[in-house]
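Here is a short briefing on one protein chain.

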Amino acid sequence: MSQPAVKPISEGMDSRTPLLICAGAADAIEFYAKAFNALEVSRLPGPKGRPMLAMLWVGNSGLMVADEFPEWGGFGPKSPKGSPVTVRLHVENADAVVERAVAAGARITMPLADMFRGDRYAELEDPFGHRWSVWGARAI
């Protein structure tokens, strides 16, 4: 059974998209809509209906917002337990990028895996404590 072709960079996205984690993401989404005319494009509900991931458009750029999920290492800026910012990086070959990042000193915080969309995904922490999510096509 063959997998459908997945674009390494989703339609309309840049190679990097900010992901803001915050307590009360639903309220944050409402604030961004009011303050910046953000348009909510999609929302993936998580436990208890909290936004696991929401896609917004602010002007001509994408912005992703997620609720805090401490059980998965996702903390907002008001929490002293970690960085509230994750840099989402869209790449042609997720396997190669993760391999290079680890060789350069990154630590895998979520192993590379096939995702429900048909692409590959991993989470890393760089040597400076910044979090990165890597999205891309499967290795060929």
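Ala122 sits in strand S7, which covers residues 120-125. The model is predicted. Ala122 counts as buried because its relative accessibility is 0%, under the 20% cut-off.

**Around Ala122**
- Leaving aside residues up to four places away in sequence, Ala122 touches Val98, Met110, Pro111, Leu112, Trp132, Ser133 and Val134.
- Ser42 lies 80 residues from Ala122 along the chain, and their C-alpha atoms are 21 Å apart.

**Largest pocket**
- The largest pocket holds about 980 Å³ of space.
- Its lining has 42 residues, and those closest to the centre are Leu19, Met52, Leu53, Tyr121 and Trp135.
- Strands S1 (16-22), S2 (39-45), S3 (51-58), S4 (61-67), S5 (85-93), S6 (107-114), S7 and S8 (131-137) each give two or more residues to this lining.
- S3 supplies the largest share, 5 residues.
- By class, the lining has 22 nonpolar, 10 polar and 10 charged residues.

**Fold and dimensions**
- The protein chain has 2 helices and 8 strands.
- Their order from the N terminus is β-α-β-β-β-β-α-β-β-β.
- The C-alpha trace spans about 45 × 35 × 30 Å along its principal axes.

**Packing and surface**
- Of the 140 residues, 36% are buried.
- Among contacts between residues at least 6 apart in sequence, 49% join residues at least 24 apart.
- The chain exposes about 8400 Å², and carbon and sulfur atoms supply 60% of that area.

How values were computed. Residues are numbered from 1 along each chain as its sequence is written. This is a predicted model: local features need pLDDT of at least 70, side-chain atom pairs count only at pLDDT 80 or more; totals for chains, interfaces and linings use all residues. Side-chain values use heavy atoms; hydrogens and water are left out. Helices (H or I, at least four residues) and strands (E, at least two) are DSSP runs, numbered from the N terminus. Buried means under 20% relative accessible area, exposed over 50%, partly exposed in between (1.4 Å probe, protein chains only). Contact means heavy atoms within 4.5 Å. On a 1 Å grid over the protein atoms alone, a cavity is a set of points where a 1.4 Å probe fits but cannot get out, and a pocket is an open set with protein on both sides within 12 Å along at least five of seven lines; lining residues have an atom within 4 Å of a point. Grid points are joined across faces, edges and corners, and a volume is the space filled by probe spheres set on the points. Ala, Val, Leu, Ile, Met, Phe, Trp, Tyr, Cys and Pro count as nonpolar, Asp, Glu, Lys and Arg as charged, and the others, Gly among them, as polar. Accessible areas come from the Shrake-Rupley method with a 1.4 Å probe; for residues, only the protein chains shown count as cover.
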